[in-house]
Amino acid sequence: MRILIVDDEDMIRAVLKEYAEFEGHEAFEASDGMEAVKLCRENDYDLILMDIMMPYLDGFSAVKEIKKAKDIPVIMLSARGEEYDKLFAFEIGVDDYVTKPFSPKEVMARINAVTKRHLQKKNGNEILRFEGLEIDMAGRNVYVDGQKAELTPKEYELLFYLVRNKGIALTREKLLYDVWGFDFYGDDRTVDTHIKMLRSNLKDYRKFIVTLRGLGYKFEE
């Protein structure tokens, strides 16, 4: 896979390139948004890692220019974690948003998740299968051994979020923020209670939701 890494910090580009190449990808670099747009016009990439705050042309503007010509998945990297920045990123077509400082391993896991989702959408297939667990992302249906599971809306959202971030450790705080919303006044017990109900509905396939003691949860095959 060809990955374009766009960041004005040399060290960040170097670290991400090293990890990407270790994972078997081809990694290319750009130090600002203008260079990224130029490279995308001249070359094809499978995914872009894009910083926001850069000289000459910021990441948001660069993404909008690139998206005019090519449908390339984008993961935004930013030290800005404000909600309006994330919302704006998703509005312009960004596929994921990672706040600095980040773990390069987490970024690699998110690359795999975004690439898989993009390929499924491209093929018109949003049905995921994990043994006897079938998840219809577009239709918002879940089947356990062929039987439709009756989940609450929040259980659907929680399961879909876990699946879309498969293999990534998610803290209870992050789950609360991203699934329930920044203005929700619940606590960690809210997440634990819904995880318990979700596991009950998934029956034998509850095993895919792994508890990370003292941290949170992750979906893992």
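Start by colouring the charged side chains: the protein chain carries 34 positive and 42 negative ones, and the centres of the two sets lie 4 Å apart. Lys and Arg count as positive and Asp and Glu as negative, leaving out His and the chain ends; each charge is placed at NZ of Lys, CZ of Arg, CG of Asp or CD of Glu.

A word about what is on your screen. This is a predicted model, where local features need pLDDT of at least 70 and side-chain atom pairs count only at pLDDT 80 or more, while totals for chains, interfaces and linings use all residues. Residues are numbered from 1 along each chain as its sequence is written, and side-chain values use heavy atoms, without hydrogens and water.

Now switch to cartoon view. You will find eight helices and 12 strands (DSSP runs, H or I of at least four residues for helices and E of at least two for strands, numbered from the N terminus).

Next, select L133, I135, V142, L159, L162, L175 and F219. Within the largest nonpolar core, which has 32 residues, these touch the most other members. Such a core is a set of buried Ala, Val, Leu, Ile, Met, Phe, Trp, Tyr and Cys residues joined through side-chain atoms within 4.5 Å, and buried means under 20% relative accessible area with a 1.4 Å probe, protein chains only. Show α6 (153–164), one of the elements giving two or more residues to this core; α6 gives the most, with seven.

Finally, select C40, M50, I66 and V74. They are among the 24 residues of another core, apart from the largest one.

Note on methods: Buried means under 20% relative accessible area, exposed over 50%, partly exposed in between (1.4 Å probe, protein chains only).
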